[in-house]
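Me: Hi! Could you walk me through the side-chain contacts in this one?

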Amino acid sequence: MFQAPYPPYDPTDTSGFSYDTVVKRWPIILTNIIDHVHRLLHDMTLEIQQVRDSDVSKAEELSKKIAEGQEIISEISRLKYRMARDHDLENIPQDGDILVAEYNAELESLKQTSRDTWFRAPWLYAECYLYRLIRTYFNQRTSWRGYDPFSTQKEEIFKNSGAAIYQIATTMHELESEKVKLQGDSDKLEVLFKEMIQMCLWGNATDLSLLTHLSPSDIEHLQTVGREAQEARSDFILKDDQGAVWSYIKTLANQGRRLDFVLDNAGFELFTDFVFADFLVTYTPYFSQVVFHPKLFPWFVSDVTPTDFANTISSLLSPTFFPPNSTTTPDSVAHLQHMVTRWKNYIDKGIFTLTTDISNGQKMTEFWNGPWPYWNMNELAPELGQWLSGSGLVIFKGDLNYRKLAGDVKWPVSTPFPTAIGPLAGSFPLLSLRTNKADVAVGIDEKVAENLDNKGEKWRTSGKYALVSFLPGRINQ
């Protein structure tokens, strides 16, 4: 399999973002899980007091769940202790879930070169391993198996996105009267397409594993999607292939092609993904079906799971999901209902589909929860590679997908994007939309990067800068 000519990012570089992640970010995430489970156990204790006389079996069930929850807290506390002291990564216990053998085999190979501790392991592997290990802690307890410890956090953040969501719904409603004109006017469609790219790009601001200190009002500000905000942000796109991808998409007219979305975050970002997919299917002649690729289990705090996907539709259709907002009007509420009802109909008809709902989709989806760079997809997940090779366009959302595309290795910034993604280049038409929240970045003019470095800008990791990277598939794919 492909090996990059540069080493991976890891925490041995104390000036890098991976070091900061192990020292600060991961302990915060683990502490949040402990606090969340502790609050649940407190509520269960109160519930036992209420039902112990009237429902003995319910009280016993809750007592068992409390005991198992305390075990989970103990294990995560132990993990925090070991992480802070650079202990070795332990084998993932067999929990009857996916990829245990694969993670442990990769860990064994790291042991051979003494790169199997929290401050020495490659950042990409260690971070993926962390979320797989957390999954095990819950899976090993009968009462908690399959539990998503991030679900409440994801829902709370989503609820704070109401103002931007209603604004976008009204904007999309205004397009409906222009639908027939738009489909025959590629120039107008291009303007709207670029608006959609910007919306999807900066929707990634709601990455919950990274935004650990922002208030709801800060997040709402980041999600502003007015034209002025988008024009201002265009200066922060360090690689901009919007023109190239649009030129390619125009060649797909009236062919009934499929679009694949490799999803990133739930909540507001998934909403913008739906809007983008809806725009391409409803208002343009270029795509007739969209397949969404989720993660099979809770991942990097806020990534989309199949449950998140379903809950997003039901939440958006609920008239009480979003708190009252002074900018919300009866019209904007109606516009959102109308738009999301269309999405639900698309899901019912198979126009919008989740990979887990298609033949062999469960197996294909496993790859996204693995620790590997995507350049080894065709060897490690040939069914997935074959599926994507039939796509009109594959959109990879977010920072982690970008890290995996480029292998999370120390490429020089001027490295061409096709070089950085190795053997995956040309396998299918590929568009990566990424706000920069990790060190790896390619396809950027060296002088631009040097100027930003000289200004002291943390352009690689701040989320303030972005990359729009497109690569067509091989001719006659």
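Reply: Happy to; we can go through charged pairs, a helix face, aromatic rings, cysteines and backbone angles in turn. Keep in mind that this is a predicted model.

Me: Good to know. How many salt bridges does a search of the whole structure find?

Reply: The search finds 26 salt bridges. One of them pairs Glu-75 with Arg-141, with the closest N and O atoms 2.6 Å apart. Glu-75 belongs to helix 2 (residues 56-84), while Arg-141 sits in the loop between helix 4 (123-139) and helix 5 (151-159), so the pair ties together parts that are 66 residues apart in sequence.

Me: And is Arg-141 buried or exposed?

Reply: Arg-141 is buried, because its relative accessible area is 10% and the cut-off for buried is under 20%.

Me: Which residue forms a salt bridge with Lys-154?

Reply: That's Asp-308, and the closest N and O atoms are 2.7 Å apart. Here the link runs between helix 13 (residues 306-317), which holds Asp-308, and helix 5, which holds Lys-154; the two residues are 154 residues apart. Both Asp-308 and Lys-154 are buried.

Me: What about Lys-397, what does it pair with?

Reply: Lys-397 forms a salt bridge with Asp-273, and the closest N and O atoms are 2.4 Å apart. This pair also links distant parts of the chain: Lys-397 is in strand 5 (residues 393-397) and Asp-273 in helix 12 (residues 268-283), 124 residues apart. Lys-397 and Asp-273 are both buried.

Me: Switching topic. Which residues in helix 11 are buried?

Reply: Helix 11 covers residues 242-249, and Gln-242, Val-245, Trp-246, Tyr-248 and Ile-249 are buried there. Looking down the helix 11 axis, the buried residues fall within an arc of 160 degrees, so they line one face of the helix.

Me: Nice. What do they pack against?

Reply: The buried residues of helix 11 pack against helix 8 (186-203) and several strands: strand 1 (237-240), strand 3 (287-293), strand 5, strand 6 (430-435) and strand 7 (466-471).

Me: On to rings. How many aromatic pairs are found?

Reply: There are 45 aromatic pairs in the whole structure. Among them is Phe-274 with Trp-343, which is stacked, at 5.0 Å centre to centre and 15 degrees between the planes. Phe-274 is in helix 12 and Trp-343 in helix 14 (residues 330-349), so to speak a link between distant parts of the chain, 69 residues apart. Phe-274 is buried, as is Trp-343.

Me: Why is the pair of Phe-297 and Trp-299 edge-to-face?

Reply: Because their planes are at 80 degrees, with the ring centres 5.7 Å apart, and planes over 60 degrees apart count as edge-to-face. Phe-297 and Trp-299 are both buried.

Me: What charged residue sits over the ring of Phe-297?

Reply: Arg-132 does: its charged end is 5.6 Å from the ring centre of Phe-297.

Me: How about cysteines, how many disulfides are there?

Reply: The count comes to 0 disulfides. As for individual cysteines, Cys-128 has 0% relative accessibility and counts as buried. Cys-200 is buried too, with a relative accessible area of 0%.

Me: Last topic, the backbone. What is the phi of Asp-86?

Reply: Asp-86 has a positive phi of about 60 degrees, although it is not a glycine. Most residues other than glycine have a negative phi. Asp-86 lies in the loop between helix 2 and helix 3 (100-111). At 27% relative accessibility, Asp-86 is partly exposed.

Methods: Residues are numbered from 1 along each chain as its sequence is written. This is a predicted model: local features need pLDDT of at least 70, side-chain atom pairs count only at pLDDT 80 or more; totals for chains, interfaces and linings use all residues. Side-chain values use heavy atoms; hydrogens and water are left out. A salt bridge is a side-chain nitrogen of Lys or Arg within 4 Å of a carboxyl oxygen of Asp or Glu. Helices (H or I, at least four residues) and strands (E, at least two) are DSSP runs, numbered from the N terminus. Buried means under 20% relative accessible area, exposed over 50%, partly exposed in between (1.4 Å probe, protein chains only). The arc is that of the directions from the helix axis to the C-beta atoms. Contact means heavy atoms within 4.5 Å. Rings of Phe, Tyr and Trp (its six-membered ring) pair if their centres lie within 6.5 Å; planes under 30 degrees apart count as stacked, over 60 as edge-to-face and the rest as tilted. A charge sits over a ring if NZ of Lys or CZ of Arg is within 6 Å of the ring centre and within 35 degrees of the ring normal. A disulfide is a pair of cysteine sulfur atoms within 2.5 Å.
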